[in-house]
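Colleague: Please walk me through this entry. I will keep asking what each label rests on.

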Amino acid sequence: MITLTTDLDQIYVSQMKGAILAINPEAMILDIAHDSRRFDIRRASFALSTAASIFPRNTVHVCVVDPGVGSERKGVVVESGRGRFVGPDNGVFTLPLLSTGEIRAHAIQTEAVAARTGRGVSRTFHGRDVFAPVAALLDLGESADSFGDPLEDLERFEVHGPNAEGGRTSGTLLYVDGFGNLATNIPEALFRAEEGARCTVTLGGKTFPCLRAGCYADAEPGELILLVGSQGTYEVSLNRGEAAARTGGVEGDKVELAREDQP
Amino acid sequence: MITLTTDLDQIYVSQMKGAILAINPEAMILDIAHDSRRFDIRRASFALSTAASIFPRNTVHVCVVDPGVGSERKGVVVESGRGRFVGPDNGVFTLPLLSTGEIRAHAIQTEAVAARTGRGVSRTFHGRDVFAPVAALLDLGESADSFGDPLEDLERFEVHGPNAEGGRTSGTLLYVDGFGNLATNIPEALFRAEEGARCTVTLGGKTFPCLRAGCYADAEPGELILLVGSQGTYEVSLNRGEAAARTGGVEGDKVELAREDQP
Amino acid sequence: MITLTTDLDQIYVSQMKGAILAINPEAMILDIAHDSRRFDIRRASFALSTAASIFPRNTVHVCVVDPGVGSERKGVVVESGRGRFVGPDNGVFTLPLLSTGEIRAHAIQTEAVAARTGRGVSRTFHGRDVFAPVAALLDLGESADSFGDPLEDLERFEVHGPNAEGGRTSGTLLYVDGFGNLATNIPEALFRAEEGARCTVTLGGKTFPCLRAGCYADAEPGELILLVGSQGTYEVSLNRGEAAARTGGVEGDKVELAREDQP
């Protein structure tokens with residue numbers, strides 16, 4: 001199976017599918033998300049981490065959020081215990097590769113890919129000309145080292161926490177979803193508050209009161225709540241509203257959680 | 001075949017697909033629509049009814065428009081002559097189940113599903129943790145009663161008409177599509193007007209003149225028309241414009257049709 | 001393989017898929033794009049031309065951007081060296097059929113299709129009732145002439161150039177993508193400028209300075225650049241911005257390219 005995560009127009013995604021099917025007409029291709037904000041590496045990285053959490057380990061995840069296409073930035077194949085990843089080495093694989101243990105990365109030489117496909121490589125669309133063919137070939141059993149040399153260090157963006165030190169629980173806002181929910185990287189075990197407890201969440205320097213709830217419907221419409229989201233981590237939400245609009249939270253913000261009665 | 005109708009972000013839809021494929025890697029999954037307005041049960045219900053009209057009876061239609069997820073609202077499997085349906089018991093199945101004759105409904109016990117998947121059930125995403133697995137198992141031949149007890153009454157939202165009484169033909173606005181067309185539940189047989197006849201449509205208490213037309217191109221640009229839409233029922237449209245914006249019509253509005261010469 | 005390019009809501013696209021699968025449950029269906037602006041024949045035509053460039057010749061490409069549905073406009077099957085095309089004869093096939101050499105076109109008689117499907121043909125949705133079934137039957141080996149008579153002339157929209165005469169290189173703006181990039185029909189060979197050269201692009205009567213670049217990242221953020229896009233033709237772009245918003249360029253605009261040092 002090959003999954004696709006991009007910030008591209010549908011017509012460009014279709015061209016990637018065409019490039020994969022040209023190599024393997026039987027390939028099974030699944031769209032993860034193409035609605036990332038343009039150039040938003042953090043959002044794409046979160047989408048990839050959700051995909052890695054549910055698809056089998058032998059899946060090849062392709063990501064094309066690639067403002068540096070055609071420049072000096074490298075293309076990369078990463079093999080890990082959570083799946084294989086193909087795309088630009090610009091940090092997009094940061095989140096799925098957190099806590100995966102050992103990984104193996106290889107740079108992709110575009111000439112090696114062109115030699116295999118018999119097609120030229122444009123300088124504006126490596127998604128179609130490089131990453132899609134590499135994914136198709138990996139999926140067919142090709143070895144990652146046939147595309148280039150081992151790569152020591154991958155680009156990664158910074159992720160704060162999660163941690164609970166000195167009585168403060170903090171982490172990072174990883175994703176704002178279409179409902180305006182704010183997903184963090186703070187697991188349930190790191191912050192204990194029984195349902196109904198009054199808490200606060202601090203985001204971008206501002207502190208908001210919120211109710212620890214079990215599900216969205218537990219809150220009054222318009223009330224900020226703190227619950228455990230579908231990835232097993234805390235999420236800030238607004239019943240029938242958008243927590244993102246209310247709080248101004250964006251991906252990358254530092255998040256702090258506290259009990260109101262334990263300041 | 002399994003179809004998906006949700007108001008979810010693509011990344012969450014992908015997780016539902018992952019949950020289905022984990023149970024049956026050969027499952028055929030088809031997206032119906034994920035562009036419903038958030039929490040809009042009427043729109044999702046219409047989408048499901050169009051799917052039920054064209055896919056075979058053994059199809060499993062999953063719907064996740066589910067603001068009450070994790071609360072007391074029930075999950076349900078419904079078997080009918082128009083297909084099988086899986087989702088929250090919050091009214092989303094109202095339209096596909098109109099005039100289907102006898103149906104059989106079973107509540108879904110989340111524990112029964114968890115026992116089958118070996119995974120926990122979150123309180124925020126039953127689409128992935130409950131409904132997708134149930135659909136995959138039904139599609140593989142599992143019986144609906146293995147997930148829970150029979151359910152007597154399903155939640156349904158109110159649908160007015162269609163009827164033609166006392167010289168007035170009335171019904172309900174079921175769907176505003178992306179062109180701004182207003183689809184009603186009034187079948188062609190219930191309101192007779194030859195093409196070219198001057199009619200009126202009353203929506204939300206306001207009455208608008210319109211032309212009975214055969215196709216969109218029959219009207220002058222900017223003219224409201226009344227025609228038989230693709231579901232066999234009357235539709236109010238504006239050639240090269242949006243009837244919804246012109247009239248203010250929204251899903252659930254009562255609709256009345258009349259001949260101008262027969263007031 | 002059958003591809004779909006439309007300006008339709010997802011629920012209507014799903015109905016087309018249902019109509020195809022009713023004829024051939026094994027059909028392989030691929031979405032090209034459904035995000036065209038409504039009624040925008042030029043945008044759909046460009047999407048079709050990108051699809052024709054990468055999918056095999058025996059692919060059946062269905063296009064439903066069809067404001068004239070149900071009127072006198074014809075439905076058509078076109079066979080060419082770049083694939084087969086099914087849809088309304090309103091110009092949508094202009095771009096994929098440029099420079100394909102000989103083509104064969106047949107009008108589609110809706111009665112012939114209805115006879116094959118056993119279903120009625122609505123006057124508002126030939127995508128589902130006519131074009132989808134025809135595509136499914138063609139894909140199964142049916143001959144185009146079984147649906148209607150040969151058609152001499154196809155509708156086409158005007159495309160200027162590309163040409164380089166009298167020292168001026170000109171063409172047409174074919175597509176504004178989601179990044180605001182402006183794709184033209186001017187191939188690299190028709191306008192020679194080494195990377196780093198200062199050029200001008202004239203669009204809609206206005207002239208803008210731009211840098212000949214090799215890739216998006218070559219330019220300063222906010223700088224207009226001219227590069228060879230993924231279709232092998234020149235594209236006007238704005239690094240980390242939208243060239244469309246900056247220039248006002250829209251599909252169909254005449255484009256002129258010049259060297260600043262060679263006025």
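Modeller: Start with accessible areas: they come from the Shrake-Rupley method with a 1.4 Å probe, and for residues only the protein chains shown count as cover. By that method the accessible surface of chain A is about 10200 Å². Carbon and sulfur atoms hold 46% of that surface. The model is predicted, with local features needing pLDDT of at least 70 and side-chain atom pairs pLDDT 80 or more, while totals for chains, interfaces and linings use all residues. Residues are numbered from 1 along each chain as its sequence is written, chains are lettered from A and ligands numbered from 1 in the order written, and side-chain values use heavy atoms, without hydrogens and water.

Colleague: What rotation superposes chain A on chain C?

Modeller: A rotation of 120°, with 0.0 Å of shift along its axis and an RMSD of 0.0 Å. The two copies are therefore related as by a three-fold rotation axis.

Colleague: How many helices and strands does chain A have?

Modeller: Five helices and 14 strands. Both are DSSP runs numbered from the N terminus: helices are H or I with at least four residues, strands are E with at least two.

Colleague: How do you know whether the radius of gyration of chain A agrees with that of a compact globule?

Modeller: The radius is taken over C-alpha atoms, and the globule rule is 2.2 Å times the number of residues to the power 0.38. For 263 residues the rule gives a value near 18 Å; chain A has 20 Å, so the two agree. Its C-alpha trace spans about 65 × 35 × 30 Å along the principal axes.

Colleague: What share of chain A counts as buried?

Modeller: 60% of its 263 residues. Buried means under 20% relative accessible area, exposed over 50%, and partly exposed in between (1.4 Å probe, protein chains only).

Colleague: What share of the contacts in chain A with a separation of 6 or more joins residues 24 or more positions apart?

Modeller: 62%. A contact means heavy atoms within 4.5 Å.

Colleague: How far apart are the centres of the positive and negative side chains in chain A?

Modeller: They lie 1 Å apart, for 25 positive and 36 negative side chains. Lys and Arg count as positive, Asp and Glu as negative; His and the chain ends are not counted. Each charge is placed at NZ of Lys, CZ of Arg, CG of Asp or CD of Glu.

Colleague: Why is His61(B) called buried?

Modeller: Its relative accessibility is 0%, so His61(B) counts as buried. His61(B) sits in strand β3 (residues 60–64) of chain B. Beyond four places in sequence, its contacts include Phe55(B), Arg82(B) and Arg84(B).

Colleague: Which residues does Thr50(C) touch, leaving out those up to four places away in sequence?

Modeller: Ile11(A), Gln15(A) and Gln231(C). Thr50(C) belongs to helix α2 (residues 41–54) of chain C. With a relative accessible area of 1%, Thr50(C) is buried.

Colleague: What makes Ile108(A) buried?

Modeller: A relative accessible area of 10%, which puts Ile108(A) in the buried class. Ile108(A) is part of strand β6 (residues 104–108) of chain A. Among the residues it touches, beyond four places in sequence, are Val76(A), Val130(A) and Phe147(A).

Colleague: And why is Thr172(C) called buried?

Modeller: Its relative accessible area is 2%, so Thr172(C) is buried. Thr172(C) lies in strand β8 (residues 168–176) of chain C. Its contacts beyond four places in sequence include Arg42(C), His160(C) and Asp253(C).

Colleague: Is the peptide bond from Gly161(A) to Pro162(A) cis or trans?

Modeller: Cis, with omega near 0°. Pro162(A) is in the loop between α4 (126–139) and β7 (163–165) of chain A. In chain C, Gly161(C) and Pro162(C) are joined by a cis bond too, with omega about 5°.

Technical notes:
Copies are superposed by least squares on the C-alpha atoms of residues with pLDDT of at least 70 in both.
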